[in-house]
Amino acid sequence: MMTSSSETQALQAVAHLEATVAEVEQHLAALGSALKLQDAGAAEQAAAELHSALSRAVDRFNQAARTPTGIPPVLRRRLARTSSQVAAQRDAVARASQALDRALDVLIPSAEPVAVYGGATRRSSGGLAQA
């Protein structure tokens, strides 16, 4: 069975998109591992690589969407699943960051005095008190 030039190009485009999604998935897994190991350096590197891979994926999928063949539904679902995994990791990091901030607030209290009974500390406004 012989394939035409346009069919060959379409197959190559799909393979290119699959490689793009696989690259995003690989960097996402690396970031997840670094976060589980609490390796800040590896997490920073994996996050930067994931950001670059996501940027390339957006560009390539936008280009593919403008072609007559478009994006195959299987790849569209795979990219959507990967996107939701990115969002879940982002939320997990935000929750961990908030927990760390709360722990630091307990361990290192604020230097500003806390108002009691909701009142602000009063300052002299002049008048008889200064006389």
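Modeller: Let us begin with burial: a residue is buried under 20% relative accessible area, exposed over 50% and partly exposed in between, with a 1.4 Å probe and protein chains only. The model is predicted, so local features need pLDDT of at least 70 and side-chain atom pairs count only at pLDDT 80 or more, while totals for chains, interfaces and linings use all residues. Residues are numbered from 1 along each chain as its sequence is written, and side-chain values use heavy atoms, with hydrogens and water left out.

Colleague: Is Gln-89 buried or exposed, and where is its place?

Modeller: Gln-89 is buried, since its relative accessible area is 18%. Its place is in helix α3; helices (H or I, at least four residues) and strands (E, at least two) are DSSP runs, numbered from the N terminus. A contact means heavy atoms within 4.5 Å. With neighbours within four places in sequence left aside, Gln-89 is in contact with Leu-28, Leu-31 and Gly-32.

Colleague: How many helices and strands does the protein chain have?

Modeller: There are 3 helices and 0 strands, and the pattern along the sequence is α-α-α. Of the 131 residues in the protein chain, 18% are buried. Among contacts with a separation of 6 or more, 67% come from residues 24 or more positions apart.

Colleague: How is the packing of two helices described?

Modeller: Two packed helices are described by the angle between their axes and the distance between the axes. Axes are lines fitted to C-alpha atoms, for helices over the stretch in contact, and angles run from 0 to 180 degrees between N-to-C directions. Here α1 and α2 pack at about 160°, and their axes are 8 Å apart. This angle makes α1 roughly antiparallel to α2; angles under 35 degrees count as roughly parallel, over 145 as roughly antiparallel, 65 to 115 as roughly perpendicular and the rest as oblique.

Colleague: What is the handedness of the crossing of α1 and α2, and how do the residues of their contact divide?

Modeller: A crossing is left-handed if the near helix is turned anticlockwise from the far one by less than a right angle, and right-handed if clockwise. The crossing of α1 and α2 is left-handed. The residues of their contact comprise 18 nonpolar, 3 polar and 4 charged; Ala, Val, Leu, Ile, Met, Phe, Trp, Tyr, Cys and Pro count as nonpolar, Asp, Glu, Lys and Arg as charged, and the others, Gly among them, as polar.

Colleague: At what angle do the axes of α1 and α3 cross?

Modeller: They cross at roughly 20° and come within 11 Å. That makes α1 roughly parallel to α3, and α1 passes α3 in a left-handed crossing. The contact of α1 with α3 has 12 nonpolar, 4 polar and 3 charged residues. On the α1 side the residues include Glu-25, Leu-28, Leu-31 and Gly-32, and on the α3 side they include Arg-78 and Gln-89.

Colleague: How many salt bridges does a search of the whole structure find?

Modeller: A salt bridge is a side-chain nitrogen of Lys or Arg within 4 Å of a carboxyl oxygen of Asp or Glu. The search finds 2. In one, Glu-23 pairs with Arg-56, and the closest N and O atoms are 2.4 Å apart. Glu-23 lies in helix α1 (residues 5–37) and Arg-56 in helix α2 (residues 40–65), so the pair ties together parts 33 residues apart in sequence. Glu-23 is partly exposed at 21% relative accessibility, and Arg-56 is partly exposed at 29%.

Colleague: Which side chain meets that of Arg-78 in a salt bridge?

Modeller: The partner is Glu-25, at 3.0 Å from N to O. This pair links distant parts of the chain, with Arg-78 in helix α3 (residues 73–107) and Glu-25 in helix α1, 53 residues apart. Glu-25 is partly exposed, its relative accessible area being 25%.
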